[in-house]
Amino acid sequence: MKRFILGITVVALMASCAHKGTYSYSEGEKSMKTTVRISDKDRAGEMQEIPGGPFRAPEISGGPLKYLPNATVFRMSGDFADNVAVTLSPSGELTYFPAPTDITADSKPISLGDGWWLNCQGIGPNSVFTKYTFAQYSELPETPSLEQLKNSIIPGAKVTDMKELPIKLSEAQRNPELAKSYLNN
């Protein structure tokens with residue numbers, strides 16, 4: 001089981017760090033290495049050995065693996081849909097805050113009705129809202145300091161409820177009505 005987990009980890013790491021291409025894996029009979037054939041246009045046919053084998057991994061084609069998260073929806077303690085969120089640890093330390101370049105028109109949550117919003121910014125259960133609007137924050141020349149961000153938190157402005165939907169975020173953004181239908185179940 002440990003070899004299987006190690007093998008899957010190695011495959012995931014290789015796929016996430018690789019350029020476009022098709023990868024085939026083969027297991028050497030007496031080798032403790034796995035050979036990877038890389039077939040992107042710059043390194044076509046190049047063979048590379050990695051430690052950790054032998055393991056049997058699935059064949060992957062079409063490029064690197066990509067993880068697409070399921071959509072999440074949230075409710076908040078007030079009308080803060082136009083305010084940039086940051087996330088705090090239980091002890092009150094900032095654990096997540098975006099750079100101004102991370103904030104775009106697509107970062108704003110999408111209303112699903114009944115106080116539910118589609119999460120497009122990476123909000124979590126410990127997220128709170130700042131005085132910065134999306135427009136103001138995206139125009140900042142640099143990310144505010146931790147002290148500035150903490151001082152910008154609106155007292156009591158927080159996520160009050162959160163759910164994960166069984167569809168991907170991109171699908172929920174394209175079809176908010178589908179996302180909304182999962183809230184009524």
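Start with Ser 127 and Thr 87. Their side chains make a polar contact, at 2.8 Å. This is a predicted model, so to speak of positions here is to speak of a prediction.

Ser 127 has another polar neighbour. A polar atom of its side chain lies 2.8 Å from the backbone nitrogen of Gly 124. Where does Ser 127 sit? In strand 9. Now look beyond the neighbours within four places in sequence. Ser 127 is in contact with Ala 85, Val 86, Thr 87, Lys 158 and Val 159.

Next, Gln 121. It is found in the loop between strand 8, residues 116–118, and strand 9, residues 127–133.

Last, Tyr 137. This one lies in helix 2, residues 134–138. Tyr 137 is buried too, with a relative accessible area of 1%. Which residues does Tyr 137 contact, leaving aside neighbours within four places in sequence? Among them are Val 84, Pro 98 and Ile 103. Other partners of Tyr 137 include Tyr 132, Thr 143, Pro 144 and Leu 149. Take Pro 98. Tyr 137 and Pro 98 are 39 residues apart in sequence. In space, C-alpha to C-alpha, Tyr 137 and Pro 98 are 9.3 Å apart.

Technical notes
Residues are numbered from 1 along each chain as its sequence is written. This is a predicted model: local features need pLDDT of at least 70, side-chain atom pairs count only at pLDDT 80 or more; totals for chains, interfaces and linings use all residues. Side-chain values use heavy atoms; hydrogens and water are left out. Helices (H or I, at least four residues) and strands (E, at least two) are DSSP runs, numbered from the N terminus. A polar contact is a pair of N or O atoms within 3.5 Å; within protein, one must be able to donate a hydrogen and the other to accept it, and residues adjacent in sequence count only if both atoms are side-chain atoms. Contact means heavy atoms within 4.5 Å. Buried means under 20% relative accessible area, exposed over 50%, partly exposed in between (1.4 Å probe, protein chains only).
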